[in-house]
Amino acid sequence: MADTDQVMEPSIDNPFISSPALHPRPTLQNVVSTVNFGCTLDLKAIVRHARNTEYNPKRFAAAMMRIREPKTTALIFSSGKIVCTGAKTEKQSLTAARKYARIIQKLGFDITFNDFKIQNIVASCDVGCPLSLVRMSTFHGEFLVYEPELFPGLIYRMKKPKVAILVFPSGKIVIAGAQKTDEIFEAFKNIYPVLMSFRKTK
Amino acid sequence: MATFELYRRSTIGMCLTETLDEMVSNGTLSPELAIEVLVQFDKSMTEALESQVKSKVTIAGHLHTYRFCDNVWTFILQGASFKSEDFVQNVDRVKIVACDSKLLSQ
């Protein structure tokens, strides 16, 4: 996996930027992944013997386990499928999933690490200046939804890469729905010039 | 009626259990009666803590482990402080076992 050290090159797409170092960069906030341990799990036994676990079958069918490093939470289902949330990078999500597998394995279950998949990556960024969402919505109509009475942010659904970008008037944005870190940076590269052209000028 | 048996693990509860066990093994007490005594102990403890205890204590510390199983919370705190109106007590390690009192009335 490419190291997240990409720098945006000055180009025709970014007429406002002279130096790449001045570009704001999205920071990854959450990575959600799933994995299949390939065997039925006895959740009662797991919560009894493992630490930092909760299981309330009346409320939710899965056990919730947390580990401190990487700081993540896992939903463990009796089917053997796991959802791992809270990691900050793809690599951390994998490490965390493996740690959960190790914990369950130590309790005596026959674990195989199958079908690990990153399901969602969320990142946030600050473009640095306030934006005029109203102007933006009049120009790029087909990709976006802006209903300030429902939600203060503008929702831009980018087709390629397939991500959703929430744009707020403060200039802060959220990019979500990516399956790879590169998609986040690609999406930001695509949206940045668009956002800058809708700066709020006073 | 179901009772919370967690108070049997307190020092007083353990002493009662020990005493009753002794009495049952040398025949002075029937096992059924011993169980009745323990059930009454559970009820009395719950009743006493509910109605006769008014003090409030704040417990703060680093949560080492937690567990929620069968509607029972178990916490292990490190470096905890028990603060109330008139005293502060610091402990290295404390285990807290908590049951939901709403479950008793169901």
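The lining of the largest pocket divides into 16 nonpolar, five polar and eight charged residues; Ala, Val, Leu, Ile, Met, Phe, Trp, Tyr, Cys and Pro count as nonpolar, Asp, Glu, Lys and Arg as charged, and the others, Gly among them, as polar. The model is predicted: local features need pLDDT of at least 70, side-chain atom pairs count only at pLDDT 80 or more, and totals for chains, interfaces and linings use all residues. Residues are numbered from 1 along each chain as its sequence is written, chains are lettered from A in the order in which they are written, and side-chain values use heavy atoms, without hydrogens and water.

Domain 1 (6–52) and domain 2 (58–99) of chain B both give residues to this lining, so the pocket lies between them; the domain bounds come from an automatic or database assignment.

The two chains also meet at an interface. Here 14 residues of chain A are in contact with 12 residues of chain B, contact meaning heavy atoms within 4.5 Å. Buried area is the accessible area (1.4 Å probe) that two parts lose on being put together, summed over both.

| Item | Value |
|---|---|
| Area buried between chain A and chain B | about 1100 Å² |
| Share of that area on carbon and sulfur atoms | 40% |
| Share of chain A's buried area from A:Arg51, A:Asn52 and A:Arg68 | 36% |

Between chain A and chain B there are two salt bridges, each a side-chain nitrogen of Lys or Arg within 4 Å of a carboxyl oxygen of Asp or Glu. A:Lys44 and B:Asp70 form a salt bridge through their side chains, at 3.1 Å from N to O.
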